[in-house]
Amino acid sequence: MKTGGGSDEAKRRAGERAAEAVEDGSVVGLGTGSTTAFAIEAIGRAIDDGLEVRGIPTSFQSRQLAIDCDIPLTSLDEVLRVDLAIDGADQVSEAGDLIKGGGAAQTREKLVAAAADRFVVVADPSKLSARLERSVPIEVVPDAHTVVAKRVRELEPAGEPTLREASQKDGPVVTDNGNLMLDCEFGSITDPETLATQLSNVPGVVEHGLFVGMADAVYVGTDDGLEVRR
Ligand code: 5RP
């Protein structure tokens, strides 16, 4: 599992506090990554203690963990809406916008977050930044990765795309949806909303990792506390 840069204690605090917001009888979006894993495990323990919830996983990884934790699963086809989605982020700006997709799961993560009444992001301080400036993960249809890369270089501001490789031996990363990932460097992103629209408009882009104006709260765990940003 990808673990990001923060301490496990900080991630645990954020994940476990977010899990406390899960209400009995609710449908919960189960995000992907090492921080959300602490939330999923905490929800599993609460189920052992009598909590009744159904989870919607956002990736193969979160599905497996939810099964291991005995969390009953459902899907967006069955429930249409989600009460609370909990998910991590690769970067969180001061405005509360996110870069996601370090785990190549942003397509399902965005679907579930968008269907949720409330979207809570769990993070540690290493994820915080005044502006978004990490590379933006973009899931692309395999046949389109070269043309999408060309279009990304032609955007204003221009991006520099790199095809995500699992390893030299294993070749490119293939997403849960059978697609490829381009990681695109834009430098410091001054207008995430416009860039998000530009990327969505490129044919062959399945989904990009800019989550603009979607988070209702960001739980930032530290080694000795928790800050909630709204
Ligand atoms: C997966 C994601 C993850 O939420 C993000 O990469 C954060 O992961 P972690 O909590 O392990 O640092 O967007 O697509």
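**Exercises on a helix pair and its chain**

In this predicted model, helices α1 and α2 lie oblique to each other. Let's work through that pair, then the chain around it.

**Exercise 1.** Work out why α1 and α2 count as oblique to each other.

*Solution.* 
- Start with the general rule: two packed helices are described by the angle between their axes and the distance between the axes.
- Here, the axes of α1 (residues 8–19) and α2 (residues 34–48) cross at roughly 45° and come within 7 Å.
- Angles under 35 degrees would be roughly parallel and 65 to 115 roughly perpendicular. The pair is therefore oblique.
- For the hand, look at the crossing of α1 and α2: it is right-handed.

**Exercise 2.** Find which residues make the contact between α1 and α2, and sort them by class.

*Solution.* 
- On α1, the contact is made by K11, R12, A14, G15, E16, A18 and A19.
- On α2, the partners are S34, T35, T36, A37, F38, A39, A42, I43 and A46.
- Sorted by class, this contact has nine nonpolar, four polar and three charged residues.

**Exercise 3.** Decide whether the radius of gyration of the chain agrees or disagrees with that of a compact globule.

*Solution.* 
- A compact globule of 230 residues would have a radius of gyration near 17 Å; the chain has 17 Å, so the two agree.
- Along the principal axes, the C-alpha atoms fill a box of roughly 55 × 35 × 35 Å.
- As for burial, 47% of the 230 residues count as buried.
- Finally, of the contacts between residues at least 6 apart in sequence, 75% join residues at least 24 apart.

Notes
Residues are numbered from 1 along each chain as its sequence is written. This is a predicted model: local features need pLDDT of at least 70, side-chain atom pairs count only at pLDDT 80 or more; totals for chains, interfaces and linings use all residues. Axes are lines fitted to C-alpha atoms, for helices over the stretch in contact, and angles run from 0 to 180 degrees between N-to-C directions. Helices (H or I, at least four residues) and strands (E, at least two) are DSSP runs, numbered from the N terminus. Angles under 35 degrees count as roughly parallel, over 145 as roughly antiparallel, 65 to 115 as roughly perpendicular and the rest as oblique. A crossing is left-handed if the near helix is turned anticlockwise from the far one by less than a right angle, and right-handed if clockwise. Two residues are in contact if their C-beta atoms, placed from the backbone, lie within 7 Å. Ala, Val, Leu, Ile, Met, Phe, Trp, Tyr, Cys and Pro count as nonpolar, Asp, Glu, Lys and Arg as charged, and the others, Gly among them, as polar. The radius of gyration is taken over C-alpha atoms; the globule rule is 2.2 Å times the number of residues to the power 0.38. A residue is buried if 20 or more other C-beta atoms lie within 10 Å of its own, exposed if 12 or fewer, and partly exposed in between; C-beta atoms are placed from the backbone.
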